[in-house]
Amino acid sequence: MAEPLFTPEEQKKFDAGIAEIISHYPPDRKSAGMLPALRLLQELKGWLPPEGLRLVAKHLEVTPERAMEVASFYVMYHLKKPGKYVIDVCTNLSCSLWGAEKMLAYLEEKLGLKAGEANEKFTLRETECLASCGTAPCLQINEDHHESLTKAKLDAILAKLS
């Protein structure tokens, strides 16, 4: 027998959260709550497991394929279980001009991962603009923003994660 998707506490949070989300939309437009519903699922599970996507689809009265289409479009949603720390390194133009590729290579070496890879502790990704052009290079770790990076700053940030 398969393990349930949610613990009893998570189930309560999901049920309350999905009811709150759906309450903001007309009954014939429940699907408009897709992004917050996916966010809720990811906050509870750390990623979007297939059975969770099916559950969200059921509550929003859409097909599971539609939920997957939306989830796979946005990089903020994780379709595979990520490491404990998701590191998104901006390599857009301003960050690149300020050495983002060198920072990414330094992280790859320190973490033993290439961009796009993950282990239990880290997921390392190259990403588009994080809207810090004036304070480049930058990255996000689990949505916590870090700017004006140097190798010393990266070392200090990583030390806090250990």
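Author: A residue is called buried when its relative accessible area is under 20%, exposed when that area is over 50%, and partly exposed in between, using a 1.4 Å probe and protein chains only. The model is predicted, so local features need pLDDT of at least 70 and side-chain atom pairs count only at pLDDT 80 or more, while totals for chains, interfaces and linings use all residues. Residues are numbered from 1 along each chain as its sequence is written, and side-chain values use heavy atoms, with hydrogens and water left out.

Reader: Why is Tyr 85 called buried?

Author: Its relative accessibility is 13%, and buried means under 20%, so Tyr 85 counts as buried.

Reader: What makes Tyr 85 and Phe 122 an aromatic pair, and which kind of pair is it?

Author: Rings of Phe, Tyr and Trp (its six-membered ring) pair if their centres lie within 6.5 Å; planes under 30 degrees apart count as stacked, over 60 as edge-to-face and the rest as tilted. The centres of Tyr 85 and Phe 122 are 5.9 Å apart and their planes are at 35 degrees, which makes the pair tilted. Tyr 85 lies in strand β1 and Phe 122 in strand β2, so the pair ties together parts that are 37 residues apart in sequence. Helices (H or I, at least four residues) and strands (E, at least two) are DSSP runs, numbered from the N terminus. Phe 122 is buried, at 9% relative accessible area.

Reader: Why is the pair of Phe 73 and Tyr 74 called edge-to-face?

Author: Their ring centres are 4.9 Å apart and the planes stand at 85 degrees, so the pair is edge-to-face. Phe 73 counts as exposed at 63% relative accessibility, and Tyr 74 as partly exposed at 32%. These two residues and Tyr 77 form one aromatic cluster. The structure holds four aromatic pairs.

Reader: How do you know that the buried residues of α3 line one face of the helix?

Author: Helix α3 covers residues 50-60, and its buried residues are Gly 52, Leu 53, Val 56, Ala 57 and Leu 60. Seen down the axis, they fall within an arc of 140 degrees, so they line one face. The arc is that of the directions from the helix axis to the C-beta atoms. These residues pack against α1 (8-22), α2 (34-45) and α4 (64-73). After α3 comes Glu 61, whose phi is positive, near 60 degrees.

Reader: What makes the span of helix α6 agree with expectation?

Author: The expected span of a helix is 1.5 Å times one less than its number of residues. For the twelve residues of α6 (residues 100-111) that should be 16 Å, and the end C-alpha atoms are 16 Å apart, which agrees. Among the buried residues of α6 are Met 103, Leu 104 and Tyr 106. Just after α6, Gly 112 has a positive phi of about 70 degrees.

Notes. Contact = heavy atoms within 4.5 Å.
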